[in-house]
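Subject: Handover of a structure, with notes on what was found

Dear colleague,

I am passing this structure on to you, and I would be grateful if you could look through it with the notes below at hand. The sequence and the structure come first, and the findings follow.

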Amino acid sequence: MRPAPTILGIILLTIGTCVTTGCTPQKVPTVQLLKQADRSFDYGQWSDAAAKYEEVLAREPHEGPIQYRYGLCQLELGDYSKAESALEIAQSLDPRDDAITYALAEALFNKKQYTRLFTMLRDRARDNRSVDTWLVMADYAEKLDDFDTAMEALSNACAIEDGSTYLPYYRAAVLLGRVGQTDEAIRRLRQAYAIAPDDEAVNVMLVEYGEIPGPTLGLAPGR
């Protein structure tokens with residue numbers, strides 16, 4: 001009767017088998033790897049998530065949502081070139097998703113590609129008649145102290161706004177006030193007031209300009 005193999009014997013036998021036949025490490029299944037990546041992403045473990053998404057994308061490069069999440073990881077890690085590349089692919093796969101475009105805008109802003117940034121946002125805002133996209137464009141312009149571009153974006157947002165949100169009017173009023181265009185600032189505030197008469201910031205600013213809030217103060221939305 002043969003003696004039972006020892007643990008050392010099993011290890012040596014396994015090593016010998018690998019040497020003679022070759023052992024290929026088993027890949028983590030894509031579904032499992034993606035779950036691990038998503039978990040790291042949800043917990044803000046950007047480096048680990050990026051590495052796992054990168055491995056998934058090596059197998060499935062045309063998965064737009066994964067390209068998007070990988071791009072967000074690279075934004076968080078400060079690698080804006082990798083972020084731009086991934087988000088461009090994600091955008092090409094799902095051109096209707098605003099979140100992808102706004103993430104790509106952040107990558108372009110950090111790379112100081114301002115002309116391309118504003119062209120992309122301007123075209124998208126016009127094509128989609130999007131108040132939100134005009135406001136995003138204004139955000140970046142204000143960060144750069146670019147009054148003309150910011151005012152262009154806010155004016156266009158006001159022109160297509162249908163009375164659903166006071167924000168473009170209020171933001172336009174703030175910007176106009178900074179450059180001394182008082183009458184136009186008050187007009188924008190009155191439009192904001194018609195939509196959000198209880199908003200504290202709007203009311204405070206109106207009072208600062210000598211206007212008395214009341215039922216006849218509001219103006220119709222639009223240009």
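Leaving aside its neighbours within four places in sequence, which residues is Thr133 in contact with? They are Tyr102, Leu121, Arg124 and Ala125, where contact means heavy atoms within 4.5 Å.

Before going further, please note that this is a predicted model, in which local features need pLDDT of at least 70 and side-chain atom pairs count only at pLDDT 80 or more, while totals for chains, interfaces and linings use all residues. Residues are numbered from 1 along each chain as its sequence is written, and side-chain values use heavy atoms, with hydrogens and water left out.

The chain as a whole

The chain holds 12 helices and 0 strands, both taken as DSSP runs numbered from the N terminus (helices are H or I with at least four residues, strands are E with at least two). The mean pLDDT, which is the predictor's confidence in each residue from 0 to 100, is 91 for the chain, and 88% of its residues reach 70 or more.

Of the 223 residues in the chain, 36% are buried; here buried means under 20% relative accessible area, exposed over 50%, and partly exposed in between, with a 1.4 Å probe and protein chains only. The accessible surface comes to about 13000 Å², and carbon and sulfur atoms hold 54% of that surface; such areas come from the Shrake-Rupley method with a 1.4 Å probe, and for residues only the protein chains shown count as cover. Among contacts in the chain with a separation of 6 or more, 50% are between residues 24 or more positions apart.

Not counting residues up to four places away in sequence, Ser130 touches Tyr102, Ala125 and Ile160.

Two positive phi values

Arg129 lies in that loop between α7 and α8 too, and has a positive phi of about 45 degrees although it is not a glycine. At 60% relative accessibility, Arg129 counts as exposed. Lys112, in the loop between α6 (98–110) and α7 (114–128), likewise has a positive phi, near 60 degrees, in a residue other than glycine, and Lys112 is exposed with a relative accessible area of 59%.

Aromatic rings

How many aromatic pairs are there? The count comes to 5, under a rule by which rings of Phe, Tyr and Trp (its six-membered ring) pair if their centres lie within 6.5 Å, with planes under 30 degrees apart counted as stacked, over 60 as edge-to-face and the rest as tilted. The pair of Phe41 and Trp46 is edge-to-face because its planes stand at 85 degrees, with the ring centres 5.3 Å apart. Phe41 is buried at 14% relative accessible area, whereas Trp46 is partly exposed at 24%.

Another pair, Phe109 and Tyr140, is tilted, at 5.0 Å centre to centre and 40 degrees between the planes. This pair links distant parts of the chain, since Phe109 is in helix α6 and Tyr140 in helix α8, 31 residues apart. Phe109 counts as buried at 16% relative accessibility, and Tyr140 is buried at 6%. The charged end of Lys143 also sits over the ring of Phe109, 5.4 Å from its centre, which is judged by NZ of Lys or CZ of Arg being within 6 Å of the ring centre and within 35 degrees of the ring normal.

With kind regards
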